[in-house]
Amino acid sequence: MTSLSARVVAYASVREFVPLYGLYALLFEDHGLDTRSISSLFVQWSVVAFVSEVPSGAWADTVSRRGLLFGSGALLTAAFTMWLVWPGYWGFALGFVLWGISESMKSGTFEALVYDELAARGCEHRYAAIMGYANAGEMTCVFVAILTAAPLFELGGYALVGWVSVAITVVDIALVGTLPAAPKVEEADEIAGRGDTVLVRYMSSLRAGTSEIRTDRVVRRSVVLAAALLACLAFDEYFALLARESGAETGFVPVLVALTAVGQVVGAATAGRTATMSGRTMGAVVIVGSALIAGGALAGGIAGFTAIGVGYGALHNTAIVAEARLQDTMSGRARATVSSVVGLTSEVLSVAVFAAYAIGSLWLPMAALVAVTVLPLVGLGVVAPRLLPAARPAGTERER
């Protein structure tokens, strides 16, 4: 189990060790884009991701999941390379198209690979903890990478930051080969055993996954909750702009943004401990976390970004717990497909967030925009007790 955890954490973490994350919004702004143009890029990113999300999830229930992760890594490398060789609106847009497809190929695929490997070992109850460690590793690498961006920028500007990021994505592609290749569920193996074509198996997985969401109320509610919580994480795309608006110099912006990553590390690392939280507890955490983000945005500075980090970490924790509860709830016949619907729904909600920022920027400063856009999370906190399934004790099957 230790070996599996280490491989999962290593792959997930290195993929997020991208110094460019701390500066790419400023890269866009310094190449002449305003908030509306930058928001339009984020919208394109999300649209591409949600258009390809469910189809890629069905492929992950049909073909090699590791193969899809290899392809995802290659597209991510190409995306950042595009930004560096064509630093204009259309170059940035094409990079986001490649990144969106890359994320959709990983979303659902990675989670299903890990859960099915644990299921093959009889250790499904470890999923929340392992994914929590993986997410903590991701956020730790984001934190270190963002801090690294400042000295890299001073040494070689955006070019050095960008090419170091590209090199790291290549390393992560190699780490895909260390991941396990868990067997698919019995239903998928039976289909393959009948000699059906890949297309037939693909359509079967797609139907099985979407049908489960339509017909199973518990699964459907779990999908909605997990997707809504993941969509909350779209706010971080604007943290660099928020920091600059509050008066921080470009070289200090990554430091402030890194404070939010610290909160996410703590939130993710403790997901194993909070995996059995009740719906009422989750609702309270979401409401308090939202208030901290809003207050921190309005306060600004180190204190404000520290508050944002605490609130963001709390939301990150609940998102991991909700996704783990969904994995326990679904049947597993088309695990990656169902997981991808979560990604699809969260991307749709993210588009709404980006659109709100694009329109709201005409009248409101960034601090006010962040404070206003977290208000809907209070409503999510209120309904969370109804949406979150009860925790399933280790070693038991879900009653149907």
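Residues are numbered from 1 along each chain as its sequence is written, and side-chain values use heavy atoms, with hydrogens and water left out. As the model is predicted, local features need pLDDT of at least 70 and side-chain atom pairs count only at pLDDT 80 or more, whereas totals for chains, interfaces and linings use all residues.

The protein chain averages a pLDDT of 85, and 91% of the residues score at least 70. Helices are DSSP runs of H or I with at least four residues, strands are runs of E with at least two, and both are numbered from the N terminus. Among the elements of the protein chain, helix α4 has the highest mean pLDDT, 95, while helix α8 (residues 186-193) has the lowest, 45. Over residues 186-195 the pLDDT is below 50, and beyond near neighbours in sequence this stretch has seven contacts in the model, a contact being heavy atoms within 4.5 Å.

Turning to charged side chains, those of opposite charge can pair when their charged atoms come close. A search of the whole structure finds seven salt bridges, each defined as a side-chain nitrogen of Lys or Arg within 4 Å of a carboxyl oxygen of Asp or Glu. One of them joins Asp-116 and Arg-335, whose closest N and O atoms are 3.2 Å apart. Because Asp-116 lies in helix α6 (residues 109-120) and Arg-335 in helix α16 (residues 335-360), this pair ties together parts that are 219 residues apart in sequence. Asp-116 is buried at 6%, and Arg-335 is buried at 5%.

Asp-34 and Arg-36 also form a salt bridge, with 3.7 Å between the closest N and O atoms. Here Asp-34 is partly exposed at 33%, and Arg-36 is partly exposed at 46%. In a further salt bridge, the side chains of Glu-117 and Arg-121 meet at 3.0 Å, N to O; Glu-117 is buried at 11%, whereas Arg-121 is partly exposed at 35%. Salt bridges that share partners also join Glu-29, Asp-30 and Arg-244 into one network.

The aromatic side chains come next. A pair of aromatic rings is described by the distance of the centres and the angle of the planes. Rings of Phe, Tyr and Trp (its six-membered ring) pair if their centres lie within 6.5 Å, and their planes count as stacked under 30 degrees apart, edge-to-face over 60 and tilted for the rest. The structure holds 30 aromatic pairs. In one of these, the ring centres of Trp-45 and Trp-99 are 4.4 Å apart and the planes stand at 35 degrees, so the pair is tilted. It links distant parts of the chain, with Trp-45 in helix α3 (residues 35-60) and Trp-99 in helix α5 (residues 89-106), 54 residues apart. Trp-45 is buried at 12% relative accessibility, and Trp-99 is buried at 4%.

Trp-99 also forms an edge-to-face pair with Phe-80, at 5.2 Å centre to centre and 75 degrees between the planes. Since Phe-80 lies in helix α4 (residues 65-85) and Trp-99 in helix α5, the pair ties together parts that are 19 residues apart in sequence. Phe-80 is buried, with a relative accessible area of 0%.

How values were computed
Buried means under 20% relative accessible area, exposed over 50%, partly exposed in between (1.4 Å probe, protein chains only). pLDDT is the predictor's confidence in each residue, from 0 to 100.
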